[in-house]
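The sequence and the structure come first.

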Amino acid sequence: MSVTIPMKAIVHLAAAAALALAVAAPVQSQQPKAAAKQVTIEGVGVMELTSVTASVEAVDLANRIVTLRGPRGNVFAVLVGPEVKNLPQVKAGDMLEIDHYASVAIDVKKTEGAPALTETALATKAAPGERPGALALRKVHVVTNVLGINTVSQSVLVRGPLGHLTEVKIRDPKVLTGLKTGGQIDLTYVEGVAIAVRAGASRK
């Protein structure tokens, strides 16, 4: 099923992007340290399975989205898969260790088009030999501004379909070098999903 976000809402999100820059800051200096594993997902291709420990900023139970703050102050969000049963117990202020598939770009190019956003649900599953289970992934197409660039993880920070900050992996480094923070892009990506949520170490 494809969902189109009303243009009024898109314009509102675009106006909020300037405020997000203060939250996002340069992604290079705030990226949480994490270990990544290459995993093949049927219908999508290769995605990175990453583990990160972060504090919970907000929980959207209806849409299964958890907003997190990493150890270096970066704010980002993850879509939580249906196999995670303990999501209702997660509260703001909790420290969590999360295993999640990083969002990955399918197509990206610079543009000067009008803001737009659509999303499509994807019925996918792990490839043979990988961790089993259904994955509630989404394919998202957005025309928006780049809120941050991380040359180390080769990713950009943008707003997702529900207004949450999402880091998207750019496979081609040549494309990444042609982008700039604040610049506009036409981006299609598969939104990653968390497959495990565990209690993390307490705040010090």
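The text below covers the chain as a whole, then strand E5 and its pairings.

The model is predicted. Its chain comprises 3 helices and 14 strands. There are 204 residues, and 45% of them count as buried. The accessible surface of the chain comes to about 10,000 Å², with 58% of this area belonging to carbon and sulfur atoms. Among contacts in the chain with a separation of 6 or more, 67% are between residues 24 or more positions apart.

Strand E5 spans residues 75-80 and is mostly covered, with 6 of its 6 residues buried. Val75, Ala77 and Leu79 point one way from E5. Phe76, Val78 and Val80 point the other way, and these residues are buried as well.

| Partner of E5 | Residues | Bridges | Direction |
|---|---|---|---|
| E4 | 65-69 | 5 bridges | antiparallel |
| E14 | 193-199 | 2 bridges | parallel |

On the E14 side, Leu79 has Val193 as its bridge partner. Ala77 and Leu79 both belong to the set that points one way from E5 together with Val75.

How many residues lie between E4 and E5 in their hairpin? The two strands are separated by 5 residues. Gly73 is in this turn and has a positive phi of about 90°.

How values were computed. Residues numbered from 1 in each chain as written. Predicted model: local features only at pLDDT ≥ 70, side-chain atom pairs only at ≥ 80, totals over all residues. Heavy atoms only, no water. Helix = DSSP H or I, 4+ residues; strand = E, 2+ residues; numbered from the N terminus. Buried < 20%, exposed > 50% of the residue type's maximum accessible area, 1.4 Å probe, protein only. Contact = heavy atoms within 4.5 Å. Areas by Shrake-Rupley, 256 points an atom, 1.4 Å probe, with all protein chains shown as cover. Pairing = 2+ DSSP bridges.
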